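Here is a friendly walk through a few local features of this chain. Have the sequence and the 3D view open as you read.

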Amino acid sequence: MDHRQLRYFVATYEEGSISAAAKRLYVAQPSVSVAIAQIEDRVGVRLFERHRQGVTATPEARAFYAGAMQLIGDFKALSGMFSKPAEPVSLSLAIMPAIDAGRIASFLKLLIQRIERLKLRLVTLDEPAEARIVSDRLLRKGDRFVHLWNEKYVLALPQGHPLTRKAKISLADLNGVRMIERCHCELHDEASSALARRGVGPDIVAKVQNEEWALAMAAAGVGVALVPEGSIRDTAGVVGRAIERFSLARRVGLAYAPGASPSSGLHAAVELCREVRRTGLRIPGNPAGLPWHPISPSARPAGKAIAARPPGAVPA
């Protein structure tokens, strides 16, 4: 049993699928299958139950996983025992308010796990930063943008609202409905135009500046609100419903100014974002937009770590 076999087992255990593990490891699927079979022969127990949807870990696999992670960690420690500490890779990143916190948390975890020696500093949009996670509606002149996911807009309804009993909700159902308006939403004008084109006139009973207040008002029963789908997660007293034939959505990604001498941290972040788009690497999120695979908090993904390029290398 070797280090490679253990990595293949860990990837399969975390992904719940041999094909997904192979994709994450950048190897052919039979290589993973053979490695798992070799481990099972060696330990004398079945570690996974195979089925059409993937694999299910057995109780023995759960115990073996803890030991495998310990060995992989020990191997990594031994490999770097006599290495000189490398310089940290710095990156300052601004994040727009009211963005899907679940996706952002998973994306930041991916950055930390995949960019070696990353020293990450998070700031607000008002502060200087090398890159920003923003909607494409908030791009500045000259910005380059790597699209990461979409956030659809949905209707936030108070629990027990009459519209929660409808099998389907259309824009016409909003005519005369008490609505909370988000004044500083980057898609405010587009949403208002969509309602006006269909002759829909909701009753605006409150105007707020952000999703947090809109959802608080909805939970209190003041009215309904159009909000990005990710903002509703875990909001008590609010039900999120899609609106038929209403495709309002915002594109979220990494924005940066193409300077003459970008930092190694910025280069590595841009390359990782491009890998996400190129390979379909997935991170947990809401069902709409990009559904992304979960990433274990206990292990660096088995995909190649992204080395930082020396300052002066310009991301294309």
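At a relative accessibility of 33%, Lys166 counts as partly exposed. Its salt-bridge partner is Asp173, with the closest N and O atoms 3.8 Å apart. Asp173 is partly exposed as well, because its relative accessible area is 21% and the buried class holds only values under 20%. Please keep in mind that this is a predicted model.

## Helix H2 and its cover

Now turn to helix H2, which spans residues 18–25 and is mostly covered, with 6 of its 8 residues buried. The buried residues are Ile18, Ala20, Ala21, Ala22, Arg24 and Leu25. Their cover includes helix H1 (3–15), H3 and strand E2 (54–57). Just after H2 comes Tyr26, which takes a positive phi of about 60°.

The model has 16 salt bridges in total. One of them joins Arg24 to Glu14, with 2.7 Å between the closest N and O atoms. Through shared partners, salt bridges join Glu14, Glu15 and Arg24 into one network.

Glu229 and Arg103 also meet in a salt bridge, at 3.8 Å from N to O. Glu229 sits in the loop between strands E9 (224–228) and E10 (238–241) and Arg103 in helix H5 (residues 101–114), so the pair ties together parts 126 residues apart in sequence. Both Glu229 and Arg103 are buried.

Val45 belongs to the loop between helix H3 (29–43) and strand E1 (48–51).

Terms used: Residues numbered from 1 in each chain as written. Predicted model: local features only at pLDDT ≥ 70, side-chain atom pairs only at ≥ 80, totals over all residues. Heavy atoms only, no water. Helix = DSSP H or I, 4+ residues; strand = E, 2+ residues; numbered from the N terminus. Buried < 20%, exposed > 50% of the residue type's maximum accessible area, 1.4 Å probe, protein only. Contact = heavy atoms within 4.5 Å. Salt bridge = Lys/Arg side-chain N within 4 Å of Asp/Glu carboxyl O.
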